[in-house]
Amino acid sequence: MAKVLMKGCEAIGEAAIRAGCRNFFGYPITPQTEVPEYLAKRFPEVDGSYVQAESEVAAINMLYGGAGVGKRVLTTSSSPGISLMAEGVSYIAACHLPIVFVNIVRAGPGLGGILPAQSDYLQATKGHGHGDYKLLVLAPASVQEAVDLIYEAFDLADHYLTPVMVMGDGMIGQMMEPVDLPDMRDLSDLVEKPWAATGACGRGPNIINSLYLKEDMCNANSWKLKEKADEIERKEQRSEAYACPGDVLDVLVVAYGTMARICKTAADEVKKKDKKKVGVFRPISLWPYPYEALAAEAKKAKKILVVEMSTGQMVEDVKLAVLGKKPIEFYGLTGGMVPSPDNVAHKLRSMIK
Amino acid sequence: MKKVFGYPEALTTNQTHYCPGCTHGTIHRMVAESLGELGLRERAVGIAPVGCSVLAYNYFNCDMFEAAHGRAPAVATGAKRCRPDLILFTYQGDGDLASIGAAEILHAANRGEKITVIFVNNAIYGMTGGQMAPTTMPGQVTTTCPFGRNPDHEGYPIRVVELLSTLRTPAYLARVASHTPLHVVEAKKAVREAFRLQAENTCFTMVEILSVCPTNWGLTSAESNEWLEQNMLPYYPLGVFKHPDRSEADSAAEAGVLQGA
Ligand SMILES: Cc1ncc(C[n+]2csc(CCOP(=O)(O)OP(=O)(O)O)c2C)c(N)n1
Ligand code: SF4
């Protein structure tokens, strides 16, 4: 199919439809409101149902209901709304239900600002809701990649029976880029969901539940979640190494999302003008974090630079990958300030002069 | 011989954990009988709350969810919007529905979700050991209003059915009681009517059922029934407050009559 020019948020909505999602529940918040707006208009054409929830708390619980009856369901929000969803996501994870949700991250903490940021990294990868569970977190760096990851996220959620978060900064939601949209998913070959609460007809009741009053059963469910997390960790690490050929790098930059694109521009410039070797490593799965792939790239580098639109939330994962073998520096702006290629190039030059 | 009374198919044979004299069990039976009589059990999906009836999924013989505290109407909304052919009901206490879940019930009603809400009002938080609920009566002693609920400090009990009756969206809204056999018969009729209306895809349906909590009220079962009659009935009038087949004026008039009764 020919490429179409689409705004990130609208492309995300369309990708979900093509993945077979016909039910969206959400609450408006900048900078992602174009997703619900797009789906409110588009859903009637595909027999979809859009519900504007009274809050993000309600929206995520609607997903709990929709996923529990076996449907592909989506919500999108931005940082403050994602905080409100933490309760529901914890229940959804505990019940082994598949959902896809999107965080178009804006600056925080508090009401913060509406401009792009990457300051929800720790929330997404280390915690979010209460209890022992992990979110599969995918971070696109372009509108095309957002489309591809949303499309795939529904299959991953169904396969692992887990919540999947696609996390983009405000730029992913707001920028327009040409995209190749995937075909409409053949809905007849979706995985069966015999556990769904679809009416106890010809079988005993299906129960969607996360309450275990007996501690050994609660323990068992947590370990079941842990086993699933371990499998995801083995199979779903994704990353991209950009222009890192050769055995020696002066600096390896580690960045994700649109920040990685900016870092590539900076790296190209320093390579060209300063004749220095700079590579960029971009984690695509933020959890599971691609530790081994990063460790392999880091081996070639004299120094590591982590760049984020936060005060350095990903640095601890880079440290875990590098294990003290290379010096690590950080450069970041947050609050809606986006480091420019010049800012990053300046920092790189300070490290390799 | 014709069987005229039996164990409802929509109840499991599990023994419930409810205290002696508690009306939760009676109310479970009303729901189960209604599902059975209307032939809805195999399409039914129930949402258990957080509260004493948190384990309702062990007692209803149909598909069930266990929801987060107060969120059952949102869960039911999601399920029903995804599968409009299913029969969705929530079963919620007063803390669950009128306090932490106040937004969820209000908006589910206002959107006109085609679900049935069974709202058990026992004027207290049962599960957590007898704290004040939004429906606790003025002067009623609980562990968190040990000197009695003071309306100057805690406000007055919320009349949920009346509150939802102000919404323009069509609905079936009734308040019934469960403390005498006669009231149980009337209550069952209301529950059944709610499910019937849902099955016909008519409107949002909710039945508030005045109930007892002997354990946390610190009364015997008989005293509890008497306490409900003396204290709750005057404040929480029984009746059908809204019915999709009737004009709002009629419903208001009926509620007024019952209030006077
Ligand atoms: C988010 C959250 N807050 C608080 C609780 C603790 N809690 C459990 S049940 C309950 C009150 C239930 O009272 P009610 O809804 O009146 O039902 P009852 O037990 O009387 O049937 C509370 C506060 C919880 N489980 N979750
Ligand atoms: S504590 Fe009260 S509401 Fe809970 S089971 Fe006992 S009597 Fe019933």
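Below are my entries on the interface and then on the two ligand sites.

**Ground rules.** I am working from a predicted model, where local features need pLDDT of at least 70, side-chain atom pairs count only at pLDDT 80 or more, and totals for chains, interfaces and linings use all residues. Residues are numbered from 1 along each chain as its sequence is written, chains are lettered from A and ligands numbered from 1 in the order written, and side-chain values use heavy atoms, with hydrogens and water left out.

**Entry 1: the interface.** I looked up contacts (heavy atoms within 4.5 Å) and found 31 residues of chain B touching 36 residues of chain A. The buried area (accessible area, 1.4 Å probe, lost on putting the two parts together and summed over both) is about 2600 Å², with 62% of it from carbon and sulfur atoms. On the chain B side, Asp63(B), Phe65(B) and Cys82(B) lose the most area to chain A, together 22% of what that side buries.

Entry 2: I found three salt bridges between the chains, counting a side-chain nitrogen of Lys or Arg within 4 Å of a carboxyl oxygen of Asp or Glu. Asp63(B) turns up again here: it forms a salt bridge with Arg203(A), the closest N and O atoms being 2.7 Å apart.

**Entry 3: which elements?** Helices (H or I, at least four residues) and strands (E, at least two) are DSSP runs, numbered from the N terminus. H2(B) gives the most, with seven residues.

**Entry 4: ligand 1.** Near means a heavy atom within 4 Å. Of the 16 residues around ligand 1, Cys52(B), Asp94(B), Asp96(B), Gly126(B) and Met127(B) come nearest. Oxygen atoms of ligand 1 lie 2.8 Å from a backbone N or O atom of Asp96(B) and 2.9 Å from one of Gly95(B).

**Entry 5: ligand 2.** I listed its surroundings, which include Cys19(B), Cys22(B) and Cys213(B). Helix H8 (residues 214–217) of chain B gives the largest share of the shell, three residues.

Conventions: A polar contact is a pair of N or O atoms within 3.5 Å; within protein, one must be able to donate a hydrogen and the other to accept it, and residues adjacent in sequence count only if both atoms are side-chain atoms.
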